[in-house]
Amino acid sequence: MAQQNNSRNSAKISSNRRNRTDKITKLEQLSPEIFYEIFDYLTGSQIYISFFRLNSRINELVYNTPNVHLDLSQTRTKFYHSFQQIFCSQNIVSVVLDCDIDNLLKRLFSTTGGRRLKSISLLNLSLYTFQTRIPEILSTFKEQLVSLKINLMNTESFGTGAQTGQSFGYLLTELPLLKYFALNGSGQVNTMTYLDSTITNNTVVSLTMSLTGYVRWTSILRRFEKLKVLTIDFRFQNEKKRVAPRDSTSYYGNQIQEILPIGYPIRLRHVKIYQYNMILENVEQLFQLLISPTLSTLCLFNCQRPFTRYPQPKRQPPFLDGTQWHDLVKNYLLPTMKRFYIEYEDVDNTMSMRNIAQVKNNFMKYSGQNLPWEVTCSYDPKTKFLSFDFIFT
């Protein structure tokens, strides 16, 4: 009798296990919406490697993915040559390219119907291509492009300054939906931005640029009427100066007398600046230009301190521990802001960074206790960066 009960219990357990197994959902049984949600977090090559050729249903889902993000900058695999058979070209919304730009864009969008491309990133673009071809390359997508990123190679220029100015002007005036714009990577960015003072942009809300000087960026900034987010990376050129030919961008820039309205309103909300030269006068000019009731955050990363000779005659205080700096902070930073952050390399080797609390106490001694912000000081021994972080309360 006991043996019969054991057999019945065993059969019942086996039946329960089969029922549970039957209820387990297999991958291909998931709804298309779940697949497409997953695909939104992956690039086209990642989708290809992880999902393509699992079975016919998933292959069909891959081909009909509604938002395809293609990164063709670091791949020369089978995917690079066959992505058009894997994805529907009409569903490609962003693409990253680093070579053979013309041919790839023509392959992607050979037909005029149903294009949805909104974002283009052009990496390692030659300056000559920028000067002579950029309007032609982008004209097909001018009525749909929302985001554009261009990284220029530091190569010799064979075009003229006039061509450079025309290409930059095209980006500002002929892309009516452009909101996010980045132009980086070449010492020629400075001179290519010389334009007639009447040329402005009223669509870009986020701008990222790399510049090699502190003169050009203020007039560039005033060309963007709707700008809210700004990122500037100042880069330094160590190359020897050479005499420029008459048709070069340097010559072209020197011939243009820019007249921009001094009182042009700036409505920035978030600003990030890298490698700014932290001379007292420069900082005050920066505050005067950027700080307004609309500004929420201002972050200065990897700032360059003024050169200091060695050995120093006596111990020097931290960078922000001078009364002039505190006066600037108190006079310009508004309580409507949310955050002000500054970091810089400590060049005063005679100053000890072991007691960061003392650094903060020295700062508060100059500033006083009744302040509209909380101050955090930190020091990274690896990078040798000293930072002050102001969180407005």
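Here are legends for a handful of close-up views of this predicted model.

**View 1. The open sheet, strand by strand.**
A set of 12 strands makes up an open sheet with mixed pairing. Going across, the order is β1-β2-β3-β4-β5-β6-β7-β8-β9-β10-β12-β11. The edge positions go to β1 (68–71) and β11 (373–380); each has a single partner strand, so one side of each has no neighbour in the sheet. From one strand to the next, the twist averages 5°.

**View 2. Strands β6 and β7 side by side.**
Strands of a sheet pair through backbone hydrogen bonds, in either a parallel or an antiparallel way. Which sense applies to β6 and β7? Strand β6 (residues 206–211) and strand β7 (residues 229–234) run parallel, with 6 bridges between them. If you want a spot to start from, Ser 206 has Val 229 in β7 as its bridge partner.

**View 3. Ser 210 in its strand.**
Ser 210 sits in strand β6. Its relative accessibility is 2%, so Ser 210 counts as buried, given that the cut-off is under 20%.

**View 4. Phe 35 meets Phe 51.**
The model has 13 aromatic pairs. One of them is Phe 35 with Phe 51, an edge-to-face pair with 6.3 Å from centre to centre and 80° between the planes. Phe 35 belongs to helix α2 (residues 32–39) and Phe 51 to helix α3 (residues 44–51), so the pair ties together parts 16 residues apart in sequence.

**View 5. Phe 234 and Tyr 276, a tilted pair.**
Here the ring centres of Phe 234 and Tyr 276 are 5.6 Å apart and the planes make 50°, so the pair counts as tilted. Phe 234 is in strand β7, while Tyr 276 is in the loop between β8 (270–274) and α12 (280–290), which puts the partners 42 residues apart. Phe 234 and Tyr 276 are both buried.

**View 6. A cluster of rings.**
Ring pairs join Phe 287, Tyr 332, Phe 340, Trp 373, Phe 390 and Phe 392 into a cluster.

Side chains of opposite charge can pair when their charged atoms come close. The structure has 3 salt bridges, and one of them joins Glu 136 to Arg 133 at 2.9 Å, N to O. Both residues lie in helix α7 (residues 127–138), 3 residues apart, or about one turn of the helix. Glu 136 is partly exposed at 49% relative accessibility, and Arg 133 is partly exposed at 25%.

**View 7. A salt bridge between two loops.**
Glu 174 and Lys 142 meet through their side chains at 3.4 Å, N to O. Glu 174 is in the loop between α8 (161–173) and β5 (180–184), and Lys 142 is in the loop between α7 and β4 (147–152), so the pair ties together parts 32 residues apart in sequence. Glu 174 is partly exposed at 33%, and Lys 142 is partly exposed at 23%.

**View 8. A salt bridge between two strands.**
Arg 339 pairs with Asp 389 in a salt bridge, with 2.9 Å between the closest N and O atoms. Arg 339 lies in strand β10 (residues 339–345) and Asp 389 in strand β12 (residues 385–392), so parts 50 residues apart in sequence are tied together. Arg 339 is partly exposed at 28%, whereas Asp 389 is buried at 15%.

How values were computed. Residues numbered from 1 in each chain as written. Predicted model: local features only at pLDDT ≥ 70, side-chain atom pairs only at ≥ 80, totals over all residues. Heavy atoms only, no water. Pairing = 2+ DSSP bridges. Helix = DSSP H or I, 4+ residues; strand = E, 2+ residues; numbered from the N terminus. Axes fitted to C-alpha atoms, helices over the stretch in contact; angles between N-to-C directions. Phe/Tyr/Trp six-rings, centres within 6.5 Å; stacked < 30°, edge-to-face > 60°. Buried < 20%, exposed > 50% of the residue type's maximum accessible area, 1.4 Å probe, protein only. Salt bridge = Lys/Arg side-chain N within 4 Å of Asp/Glu carboxyl O.
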